Each structure stands twice: as C-alpha cells, then as structure tokens.
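Subject: Handover of a structure

Dear colleague,

Please find the structure below, followed by a summary of what was found in it. I would be grateful if you could read the two side by side.

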Amino acid sequence: MDVSPADLLAGVTATAAPLLLASLGETVTEKAGVINLSLDGTILLGAMTGFAVAATSGSLAAGFLAAAAAGTAVAAVLSLIGTWLGQSQVAVGFTLTLLCRDLAYFLGTPHARQPGPQLLASPVPLLSDLPLLGPALFNQSLPVYLSFAAIPATWYFIYRTRPGLILRAVGENPAACWARGIRPRLVQTAATLAGGALVGLAGAGYSLALKPGWGRPQGCEGIGWIALALVIFGGWHPVRVALGAYLFGFLQISTILLQDLFPSLPTQVFQVAPFPIMIFTLILIHAGRNARGRKQRLLLRLFRGRPPAALGRTYRQA
Amino acid sequence: METLPGNDMIGLEEIHKRFGRVEALAGVSMRIRAGSVHGIVGENGAGKSTLMKILTGFISRTSGTIRFAGREVDLRTPRDADRLGIGMLYQEPLDFPRLSVLDNFMVAAAGHDPGRLRQQLLELSDRFGFSLDPDSAVERLTVGERQQLELLRLIHRRCRVLILDEPTTGISQEQQEILFAALRALRDRGRAIILVSHKLAEVRSLCDRVTVLRQGRVVADQEQPLDEDRLLQAMFGSLPGGQRTVASRETGRPILAMDRVFSGAGRSGLHDVSVSVAENEVVGLAGLDGSGQAVFLRIAGGLLQPDSGSVRLPDRGRADRPAKGRDCRQTVFLPADRLGEGLVPGLSIREHLLLAGDAPFFLAPTTGRTQAEKTIATCNIIGSPSTPADGLSGGNQQRLLLSLIPDRARLILLENPTRGLDVRSASWMWQFLHRRMGDDGAIIFASPDLEEIMARATRIMVFFNGRILLDAPTDRTDLQTVSRAITGRTPEDARLPAA
Amino acid sequence: MKAQQSIENQSPGSRLPLLLIPALALTLVCLLLLVLGLSPLTIGRALASGSVGNWLKFSHVLSVWSPLLLCSCGLLFTFRAGLWNIGIEGQVILGAICCTAVLRLPGGLLPPPAVLTLALLAGGAGGGLWGILAGELRNRGGVNEIFGGLGLNFVGQGLVIWLIFGPWKRAGIASMSGTDLLPPHFWLQSPPGWRVAPVALALAVLTLAASILLLDRTRFGLRLRAAGTSPGAARLFGIEPDRISLQAMFLAGLLAGLAGGLQVTAVYHRLIPAISSGYGYLALLVVMLANYRPLAVPLIALFFACLVTGSIQLPISLQIDSSLAGVIQGACVLSALLVYGLRKEKS
C-alpha cells in the first residue's frame, strides 16, 4: 500500500485529536495539584453520552455539550471526595475509572451499533488545497481543529494569564497561596472541573468523529491511561504533552501501515502494540531521566519536567 | 486612611490562645507604632509564632481584641490580614520555588501585566539595592534573595505592617546589611515593622522598641537604649546557680568523630563542624531552632549524609550507610517529632517492642505481652500493651521511644527529649538514660531549655547559623556566656565594648 | 511523581454508621434503575437467583471467588506497604501465560499432576516477576508504581494477543476464542454438578488463611506495616522500606500469577485474550471496599463474585447489559470513600 506523506500526516493529526484534548485537560487539572485518574472511564462515558444525546436529539452540538457535561460531573465527584473530603485522589479516581466504564456500557446498551450522526470533515476553503499541509491541517473535522487550537490556548492560559499563574501556584504550594489570600481548594475544584470537561469532549471526539458510533468495545479503551502517562512524561508542559499525543497517533497509524509489511503477524497484535510501545518509550525516557548518577543527555533534557510539588496531596486548610 | 508615624498601627489587648489544655498565649497586650521597628524576642515556645500567626490570620485567637489603625478588626483568614495590609516574611520562605522570580512577584498581585510588573519589580529592586533577575527560578536563589523578593512583593502590595520572623537565619552578613537598610527605609516611610528574633545584636541595631515574651506573657518591654542584661534575664529567666545533677566523669575513648563536616540540609545547614565526643560525655546542644542541631544529630545517627567531611562512629566505622541488623544498633536516635519520625502510628506498644527487639518470626497476640507489660511498668507508660502509639500522650510516646533503646546502645542521640514531660518524668528519663549509657556510652541531646542543658550535660555546644559557636564543659561556662552565644555572639565578642 | 498518602483510613473520626455505605450505594443504584424505568426488585431477584439460586450457580460464584480472592490477598500486602499495585492485572496475565507455557511443553517426562503443579508454580513465578519489575522501576527508575504497573499491564495484554494469534495459534485459524483446549488431564477437574474445581477453592482458602497469618501474626507483617505507614520511623528500626516494598510486590504478583494459572487450568482450560477477566482491577475495588482489612476481604469478594455471576444471565433474561454488576460494585466503593471521607471531615 502506498501512502502519501500527506495522508500519513492527516491520519496522525486526526487520530491524535481526542487524545490531545484529554491529555491537555488532565494537564490543566494536574497543574493545580490534582490527579484525575478516572480518564479511561470518563472518556468512555463522554463517548457514550455524546453519541446517545446526538443520536436522540439529532444535534451534534448537543452531543458534544452533553459529553463535556458528563466529564465535568465525574470531575465534580472526584473534587468532592478527594479535594474536599480528603480521600486519596488515586483511590477515588481509580474507582471512578471502573464505574464510569461500566456505566457507559450499561447506559449505552440501547444505542449500541445503532446508526447516528457523525461529524464530517469541514475543509477550510483555499487552505485545504495546499500541498501536504492542506489535507493534514485544513481538511479535518471540528474536533481536530479544536485540538490544534487547544495546544497554544492551553499553553497561553497556563503560562500567560493570571488564572493560569494562580493555577500553577496552587499546584506548587497551596499553603503559600492561602497565605496570600487565595483559596486553594476552590482553584483546585475549578481546574478539576475544567479538565474534566475537556476529557468528556475527547470522548465525544471518538464517538462522533474519529470512531463514529457506540458499541462494546467502542475502540477508545485504554486511551485514558495513555493520556495520563503523556501528561506525566510530557513533564506537565502542554506542548510536550501534545508532541507525545502526536507520537502516539503516529504509532497507531504506522502500525496499521506496517501490517502489510509483516503479513505473517496477526492484525490484532498491531492494534494492541502501540499501547505498550508508547508507555515503555515514555517510561524509559523517564527512568533515564531519574536514574541516579547518570548525566542528562540532550534528548533527555528535552523531556525534563517535574510534577507540581503538591500533586496528589490533599490540601488541608488550617 | 493614613496612620501617622508615632500613632498606634496595631493594638493588642489581652490576647489569649489555647490549644486544647495548653495556653500558648496567656493575655498578651502590646502596641505597635507606625514608623517604628518593634522587636519581639523570647525563647523557643514563648508564644512568638502563635502571636504572629494570629496577626496574619492563620489561626484565630481564643479571646482578646485586635485593633488596626484604631479600628477593631477580626482576623479570620490570611485574606483578612492581606486586605488590611499586614504581610509577613516567614522563616521558611513561603513562596513557589519552581516558578520564576517574576511569577512569584505576580501571584496574587493586583492586575496581570507582566511588562509593567517586571518594570515595577526592577525599580523596587533597584531602590532597595537588591539585584534580582526576574527570569531566574526562585529555587536557584539564596534564602536571602528569596526574602528580598518576598519583601518587595509585600511592599508592592502596599503592606502597612511587615512582620519578619527570624529573617537573618541562613543569610549572609552582606545580605543582612542590605535587608536592614531596606527595613530602616521602610520604617522612615511610616510602615510598622515587627521583627521576631532571637538575636540581640540585630534587635539592638534595628529595633526602636522590644517586647519580651516568656511562656505566653509579656515579661519585659524596653525602648532604646536597651539594657541587654535585663533583656537576657527576661528571655531566659533567672540565671540558675549550681543545680548541676551530673558530675563530670573521666572521659574515655572517642565514640563519635566529625571532621570538617558540611551539609546543606535544614534551614541553616552545617558549616565546617569538627568535633569529637568521647565515652562518658553527656553533650547538650543549644541554639535557636534550626541552627544546625537537627542536622548534626541526623548526620551523627547516619540518617543523613554530609555533603563533605568525615563522620566516624564506633560501631560501623563510617556513617555513610544505615545500620544493618539489630546487633550493631549501637547508635540510636530519638527524633523530636515522635509520632511522625520515631514511632509508627497504628502499631501498639507491644508491636513497637517486637520491632525493636529480637522477635520470633511467628507472633501470637500474646507474644511479647509480658515483656511489654514489664516495660510499661518500668518505664511508667500510661497505656496497655495494645495501646497504639498514636493513642499515647506526648510524654508517654517519649517513654515508649526510650524503652526501645537497646541495652547495647553506646551513642544515644536525642532531639528535645523532655518536650511535653513534667519534672518528675524528666528526672526519671535522665536516670533511665544514664543506666542505658553505662560506662562506655555517650549521650548527645538538643534542647531548647538551657537550664536543662546546664543541669544535665557535662558539655555544651551552642549552634548558630550552622556553626558551633561555643563548645565548653558546662562547669566551666555560665548561662550568660551561653545566652550570648545563642544570640550570635562569641565569648570573644563579649569582651569588646558594646558597639 | 509521588502521590503517597497514607492509604488506609485508620482513624475513624466520628461514628457515622458504616451501614450508611450499603444504604447509600443501594439508593444510588435504585435511583438509576428507576430513572431508566427498570424495576430494582426484578433485577435484584434475577441477580440473586443467578448467583445463589442453586448449587450449580453458587459453585460458579465460587469459581469467580477463588481467583478474585487470590488477587485481593496479594493486594493486602502491597497496600500494607503503602503501594498502589495497579499492575496486578498484568501480573494475572503473566501468570496465565507462564502456566500455559509449562503445560504446552512437550510432555511425557512427568506425570500430569506434577506438570500441573509445576505449571501453577510457574504462573506464580511469572506474576511475581512482573511485580518485581514494577517494584524495581519504582525503586531504581523513580517511575511511580501506578504507571510502571500500567505499562506492564499493556505489555502483558500485548503478549497474550501475540501468543494467541502467533506462536500458539489454534490449529487452522487463529481467533479471539483463544488457543486450543488443553488436554483434559491438565485440567483442574470439577466434580459433576460443580462448576468450581475443589483444588482452586482450597488454594484460595489456604491463601487467605496464610495471608492473614502472614499479615497479622508474623514479624514480616509487622515490618510491612511499619514500612508502609512510616518509612522514616521504619529506618530507625533497621528496616529498609525499599526492600520491603519489593517483597510485597513479589507476593502480590505471586498470588495474582496463581490466580492467572487457575483461570487457565480450572476455568477456561486454554489461554484466551481476556484471560484475567478484569479480576485484578476488581480486586483493587474489593480491598478498598474492605477498607484494607483482611477479614472483610473474603466476604466482599464473595459479594462481588455473586454480582459478576448473577449478571451473566441479565442480557438474556431481562435484556439488561451485564455491566450493571460493575456499576453496583463501583457505586459501593464510591459510597464507602464518601462515607469514610465524611467521617474524617467530621472528626
């Protein structure tokens, strides 16, 4: 099979779009010091809600909104039990992962394998005719454009705005924020809810655009874990996190292409392979970075990043 | 609403603060004037921090009245204090180490205009003779520079009352002079400055007025010129005479030897410490909290590695790895944070004894019960073998820790060992320690209580900013020399006429 | 990333009754069903009859209970050591793979029972190895055990798929239904009228007893608790927390690997892609709901096993998706976390 570089690029950007939204959402949440471990379930719940609402109402916009609302609702539960009641964020997040997954399958049964609306590509006039970049960047569906915009927007928000600064400050040292008259738990709640909304949107990005429809499996299982790993190994920096998402998109696309080269290997292997490869690439980079006494090479320095100092710790107000 | 210099900026009346049964502040009244530097001095635990936390809204008073610029105010949260213009420079910088200088300056600043704020930061920095790079990460700054940044931020916030908690700990002489110049400039512009300090030298050079706190009460109040001897006496109580309960004994072979040890740990680190402690010595470590005693004890206990220098211990030669196995546990360390660092919350007295002793692999609920009951009886612990460590009172936690010291211990390291103990328990503890130490052991303990050190130790070391400023046998020094050393003056300084 | 908090809810502050947990969970689930226009009563009855309706069904419950209990026991060790062993899923898978590998060796040298024993041991070893890998990634590489474990889960899953569709594919065509069936002499047999192998059941019960003994009645259990609760204080007692965590990871992996071996030899009699049945993750929920207390674990595992088994018939009898079981389980744990949180907050 001959694949033009333009198709490859278009495939990568499209595949990575929902993953990007989810991992950028999680980046925002974690920057405020909260771990939302529930991503894998929230994405599924978002996908189901988005598809169900869009199919019932006939409105794609309603579908996306509903998905975002579902993501926010899950985040609100985490915020209540984690941030406000002081339970381990990991425990709550993990429970929510499984609960949301099963809730999605359970509530989605009536919509399984039903036809539904689907977001088609909306080419940008003129620009989509550009060679190479045209199809990749300007002949995509709305979530893909949204994902493009989300990278600089998240970066700008985190590093260039006042709320972004407060967000980072809370993630670093909530006690110091409290001393300066900021309410850390409110900031953390806001960040958790906003991040959750993006994760929910990512779900709809699958069920309404990238892998249209609902079923069990939907095809986006496992993506949440990848998104979580991306945030950590991308060093909590939106641009590096985005690079990771594109790397994963590339892995997914290229394994499809590689199938033709290795006809002896079963297809299923190619579907699963990107997950371990991705996580282990990230882990190796990370372990190399953290290993004691090893000099940091240029490549490793690129991926350097430290977690927000208060990440995962419940802040208890005096 | 402007408060003229000389008028009261803050008025405190009968401030009480209780933590459970403990009364940290027992009716403190004082007035802080605008355009003055007001020193607040006192021993560790005198109530200074509690009072400052009340002024910054971190904790609420139990009773009493606070007036700000003549108006009665209620400080419930730091937000309230911030609105009034009360700002504090904490002992441990309360900032954001990983963010840049400019970001730190901008958090909670009015407006978000990086260009303008950068300009203002540079101007302010210039005006006070600081040199701060707005783009540097705060974690790369020295403690002194972090203070300067925080100070500029508070000035930029138009703080009218500035509280500084031990601001000169861990900063260089040069930085101290820059800081003091800045504080004087602020005073002259009508701000009220509260300086919480241990160090009489800086109090003398900077403060217009000094209040001494002791056990939660105001015990002295002086204006310049200060009578230092009376201040010292107010701070540390009456100078006790010959209450020594320990006789200097013949010292034996060296048991701990440190040679040119440096460490960057803790607030002050440890600078060029070379000491040798021999068998039969009881060494008391004195000094303001965080002057290096804690680091010293942890390095001696093998829990912390020095950055450079050598540490030799009797049982394992070099202290660069934790003790292995139980037989060589000849060095024991009892931390001040008993429940956090020394005991395991949730484990019972019996289980602690089992962990420390030679327990068999299989443990019945009765294993070690008799032993535990015996220990409880001999150590006067109020509890039963099944009482968890977190269910014991502070004093009983200390008894439990003590009972875990193996018979073979040769070097016993203790941090604030009598904190929370009454007089009788303390005296029991010392008897116990002497029995454990035997003829070939040594004890090193840190204590905020000078009387205890003078009474219990054969030798005293005074720490100041990570250095040992005074090292003498307790029977050949006196409380006055020691208190001077704690406040940063060597015996040689004392002979010089006061500047 | 270190997100280490004390895992256990040790000090119950106020006396909010624990009965609130099932009440809250029940209310949530009933509300959900009523909103969907379903009758909680009918569904409850279906779940009950599908799990404890007769011995055949209950023996099926027990066949779910055995591996679930093994995994939960393993997690008790890692939670005690203060670790979040999310990699348990991969440890089950590796156990299943190693077990199958031994059973696929050219036979004839040893009698089948010996081979079976060896295979189960190999399963335990494989799981243990996976556990140690995650532990070493944490201790030496600074990779949080959650992400090291997740990575290893994906590797395990990939490995199973590759084996089933590659080297170990069925005669003829490879498919999602797994490898060829094992010869019956390699099955852990169930008596007629039973759906659980007594050997599996015995193994689970023995493991439970041994785990409780090890956790609460030995020096090892004591040191584990010390290292998990307060690593700093543990060092003063001459304990090396890193070594203890590695031992806990190994034990957890070992038991998970055994569970994987049981899935192969007692339940499916072959290797299938979903060989773990998600019991690793489910066991995490079991132990959380048990509030990390060993004695509550077998009961909660049994309840969860009933839900899993009882829900199998739901799609056929009531046209309801079987994932309802997971919803109920999740609601229980979430309610528990909420109630424990409220108790803490009120204290």
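In this predicted model, chain B and chain C bury about 2000 Å² between them, and carbon and sulfur atoms give 66% of that area. L355(B), F361(B) and L363(B) together supply 28% of the area that chain B buries against chain C, more than any other three residues. In terms of residues, 28 from chain B are in contact with 20 from chain C.

The polar side of this interface can be described as follows. There is one salt bridge between chain B and chain C: the side chains of E351(B) and R225(C) meet at 3.5 Å, N to O. Six residue pairs across the two chains are in polar contact, with both residues at pLDDT 80 or more.

The largest share, five residues, comes from α11(B). By type, the side of chain B that touches chain C comprises 19 nonpolar, four polar and five charged residues.

A separate point concerns chain A. Helix α4(A) spans residues 89-108, 20 residues in total, and reaches 27 Å from its first C-alpha to its last, close to the 28 Å expected at 1.5 Å a residue. This helix is mostly covered, with 18 of its 20 residues buried. At its start, a side-chain oxygen of S88(A) comes to within 3.2 Å of the backbone nitrogen of V90(A).

With kind regards

Note on methods: Residues are numbered from 1 along each chain as its sequence is written. Chains are lettered from A and ligands numbered from 1 in the order in which they are written. This is a predicted model: local features need pLDDT of at least 70, side-chain atom pairs count only at pLDDT 80 or more; totals for chains, interfaces and linings use all residues. Side-chain values use heavy atoms; hydrogens and water are left out. Helices (H or I, at least four residues) and strands (E, at least two) are DSSP runs, numbered from the N terminus. The expected span of a helix is 1.5 Å times one less than its number of residues. Buried means under 20% relative accessible area, exposed over 50%, partly exposed in between (1.4 Å probe, protein chains only). A polar contact is a pair of N or O atoms within 3.5 Å; within protein, one must be able to donate a hydrogen and the other to accept it, and residues adjacent in sequence count only if both atoms are side-chain atoms. Contact means heavy atoms within 4.5 Å. Buried area is the accessible area (1.4 Å probe) that two parts lose on being put together, summed over both. A salt bridge is a side-chain nitrogen of Lys or Arg within 4 Å of a carboxyl oxygen of Asp or Glu. Ala, Val, Leu, Ile, Met, Phe, Trp, Tyr, Cys and Pro count as nonpolar, Asp, Glu, Lys and Arg as charged, and the others, Gly among them, as polar.
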